[in-house]
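Me: I have a structure open and would like to learn how to read its features one at a time. Could you walk me through it?

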Amino acid sequence: MKSLQELEAIRKRTLEGIQLRKEHDGTRVVVGMATCGIAAGARPVLAAFMDEVSTRSLQGVTVSQTGCIGVCRLEPIVEIYKPGMDKVTYVKVTPDMVGKIVTEHIVNDRVVEEYTIGYYESNRK
């Protein structure tokens, strides 16, 4: 049996995780979590975004999931919506890429071009 303090700590962590996924104004990070995304590794990418946003205590940033984004061969796909900026679609995202995306795009408003769908498609051979 857990102590009341342990149960309260678990409750608090769970509520904080839920808060990260609630819709509100601000920056939205949307991870494609259809079958193709999950098979390509989207689950650890979603977890990495949630951990990074939580660790940095970023305010106004929502991390959520969606179904199929429509380009299965480029999964895991992450779309970022920032007020006043065009939507950016990152493709073939890995957990190792998340820190750079958060630092450059979410915090400093600089798109990480080499991770975007446009860059990927224009450099395919």
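Me: Where in the fold does Glu75 lie?
Reply: Helices (H or I, at least four residues) and strands (E, at least two) are DSSP runs, numbered from the N terminus. Glu75 is found in the loop that links strand E2 (61-66) to strand E3 (78-81). Keep in mind that this is a predicted model, in which local features need pLDDT of at least 70, side-chain atom pairs count only at pLDDT 80 or more, and totals for chains, interfaces and linings use all residues. Residues are numbered from 1 along each chain as its sequence is written, and side-chain values use heavy atoms, with hydrogens and water left out.

Me: Is Glu75 buried or exposed, and which side chain of opposite charge is nearest?
Reply: Buried means under 20% relative accessible area, exposed over 50%, and partly exposed in between (1.4 Å probe, protein chains only). For charge, Lys and Arg count as positive and Asp and Glu as negative, while His and the chain ends are not counted. A salt bridge needs a side-chain nitrogen of Lys or Arg within 4 Å of a carboxyl oxygen of Asp or Glu. Glu75 is buried but has no salt bridge, and the nearest opposite charge is on the side chain of Lys92, 9.5 Å away.

Me: What does lie around Glu75?
Reply: Contact means heavy atoms within 4.5 Å. Setting aside neighbours within four places in sequence, Glu75 is in contact with Gly32, Cys36, Gly37, Ala40 and Lys92. There is also a polar contact to look at: that is a pair of N or O atoms within 3.5 Å where, within protein, one must be able to donate a hydrogen and the other to accept it, and residues adjacent in sequence count only if both atoms are side-chain atoms. Here a polar atom of the Glu75 side chain lies 2.9 Å from the backbone nitrogen of Ile77.

Me: How many salt bridges does the structure hold?
Reply: There are five salt bridges. One of them joins Lys82 and Asp109, at 2.4 Å from N to O. Lys82 is in the loop between E3 and strand E4 (88-90) and Asp109 in the loop between helix H4 (95-107) and helix H5 (117-122), so this pair ties together parts that are 27 residues apart in sequence. Lys82 counts as buried, at 11% relative accessibility, whereas Asp109 is partly exposed at 44%.

Me: Which residue does Lys87 form a salt bridge with?
Reply: Its partner is Glu79, with the closest N and O atoms 3.3 Å apart. Lys87 is partly exposed, with a relative accessible area of 43%, while Glu79 counts as buried at 9%.

Me: Where is Val78, and what does it touch?
Reply: Val78 is in strand E3. Its relative accessibility is 0%, so Val78 counts as buried. Not counting residues up to four places away in sequence, Val78 touches Val29, Val30, Val31, Val45, Phe49, Val88, Thr89, Tyr90 and Val93.

Me: Which ring does the charged end of Arg28 sit over?
Reply: A charge sits over a ring if NZ of Lys or CZ of Arg is within 6 Å of the ring centre and within 35 degrees of the ring normal. The charged end of Arg28 sits over the ring of Tyr81, 4.3 Å from its centre.
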